[in-house]
Amino acid sequence: MKIAVIGAGLVGLNTAHRLADEGHDVTIIDRVGPANGASRGNAGMIAHTDIEPLASPRMLRKVPQMLLDPLSPLAIRPGYALQIFPWLVRLLAASTPANRKRSIDAIIAIQSLARPAWTETANRLDLKSFFHERGSLYLFDNRANFEAARPTYAHQRELGIQVDELNGDEIRQMEPALNDKIIAAGYFPDAGHIADPRLLTEALFDRAVARGIHFLRDDIQTIAAGDHVSVTGPDNRHYTFDRAVIAAGAWSKTLAAQLGDRIPLDTERGYNVSFPGATGLVSRPVSFQGYGFVATPMDTGLRIGGAVELGGLALPPNHARTRALYARAQNFVKGLPAYESGTEWMGFRPSLPDSIPVIGRAAASPHVVYAFGHGHYGLTQSAATGALVADLIAGRPTPIDLKPYAPNRF
Ligand SMILES: Cc1cc2nc3c(=O)[nH]c(=O)nc-3n(C[C@H](O)[C@H](O)[C@H](O)COP(=O)(O)OP(=O)(O)OC[C@H]3O[C@@H](n4cnc5c(N)ncnc54)[C@H](O)[C@@H]3O)c2cc1C
């Protein structure tokens, strides 16, 4: 079959490879090229060990502070407060115990597929050198916050995820650049990180082109589906396929709406600063709990970033936020390079209020499949998502029940 995959991010490219594996004639469409969205500059963590959604009563208590402090780890841009309001209402609904459990169960299910799917992809496409298996540290400077995390650690252990609880000395033996304000950590030896998300995404793209997957540069404006799927770019450029996959990250909402699906997709904007060539300061991702940022040792240099800013797709970045993250990192990490030597970046996490991606068929037609909304875990879950989409298109049963990910769940 002729299949279009709209979006050359990690989700689209993994999907394109899985579809090509099945002998389909695949075309990747992107308005710019590979690694143009969130897949370009993320924190690079293979975080299949994480199981928590964004929504929690604890997080919601922070909303008043979010409105007051524009540089807090979670913030709402005043110019976007009205537009994000319905999403926030859904976030509130997602934080009830029953709905939170539904999110956690769905996150656990897809996370359980994430690592084996990446291992298979890395082996098959010769990408193993992009993956590092040195675990990750979730750091605390505050005993109460550490105690609050321990029930989640207990749950993770019940699921078979190894979590070691470390004290400050043990942490500094592993990461000498951390100062003594860090007093405790959860260590996840099975988590991993990648060499650099842009390089990995581009490598997936290069391997796609090398195996005969087509690339079309166009900005898809309309999609309609009947016996076939028609998509158009500006000036009414028109293309027809047997099937299409919408994997356009945070920009997927308007295309899904044309197929009858009103999906509350929005974006959690994230910020970071990268220091090319700065390697060796930390040896694994170190995530600062309560401060909303992580430092990842990419092969290309140290990257420090995170934060969640609810500000939509159009407002310009506010890199005062990146500076604030860096200043917080200076509180805990010795010997950071000067801020001015770094490169700033902002990316758009494609986020649903229940922290569950949308993976399923469009209301208007079974010929269009959605694969977007992976929020904080799109790198981690992209290979698994590609495999699930290939199952859907083949009409095969999927290894996990896809009902919780359905586009019509809202
Ligand atoms: C700061 C930050 C840190 C993160 N850290 C991690 C992490 O450590 N681990 C992890 O697992 N995840 C992380 N994430 C999340 C992860 O980056 C995303 O979930 C993931 O990259 C989403 O991939 P995607 O392919 O769905 O979308 P994207 O990478 O955004 O790609 C979408 C593509 O679609 C194209 N497109 C959009 N609309 C159209 C159109 N109409 N026509 C043609 N092309 C179109 C865009 O040009 C873009 O290339 C992080 C995100 C951010 C922002």
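I started with how helix α1 (residues 10-21) packs on helix α8 (residues 197-210): the angle is about 30 degrees and the axes are 10 Å apart. Axes here are lines fitted to C-alpha atoms, for helices over the stretch in contact, with angles from 0 to 180 degrees between N-to-C directions. Helices (H or I, at least four residues) and strands (E, at least two) are DSSP runs, numbered from the N terminus. So α1 and α8 are roughly parallel, a label for angles under 35 degrees.

I then looked up who touches whom: L10, L13, N14, A16 and H17 of α1 meet T201, L204, F205 and A208 of α8, with contact taken as C-beta atoms, placed from the backbone, within 7 Å. By class I get 6 nonpolar, 3 polar and no charged residues; Ala, Val, Leu, Ile, Met, Phe, Trp, Tyr, Cys and Pro count as nonpolar, Asp, Glu, Lys and Arg as charged, the others, Gly among them, as polar.

Caveat for myself: this is a predicted model, where local features need pLDDT of at least 70 and side-chain atom pairs 80 or more, while totals for chains, interfaces and linings use all residues. Numbering runs from 1 along each chain as its sequence is written.

Next I checked the ligand. Of the 41 residues around the ligand (C-beta atom, placed from the backbone, within 6 Å), G9, G37, G249, G270 and G378 come nearest. The shell has 19 nonpolar, 18 polar and 4 charged residues. α1 and α11 (378-394) are among the elements that each supply at least two of the shell residues.

Last, I noted that V231 stands opposite Y239 in β13.

Notes:
Angles under 35 degrees count as roughly parallel, over 145 as roughly antiparallel, 65 to 115 as roughly perpendicular and the rest as oblique. Two residues are in contact if their C-beta atoms, placed from the backbone, lie within 7 Å. Two strands pair if DSSP finds at least two bridges between them.
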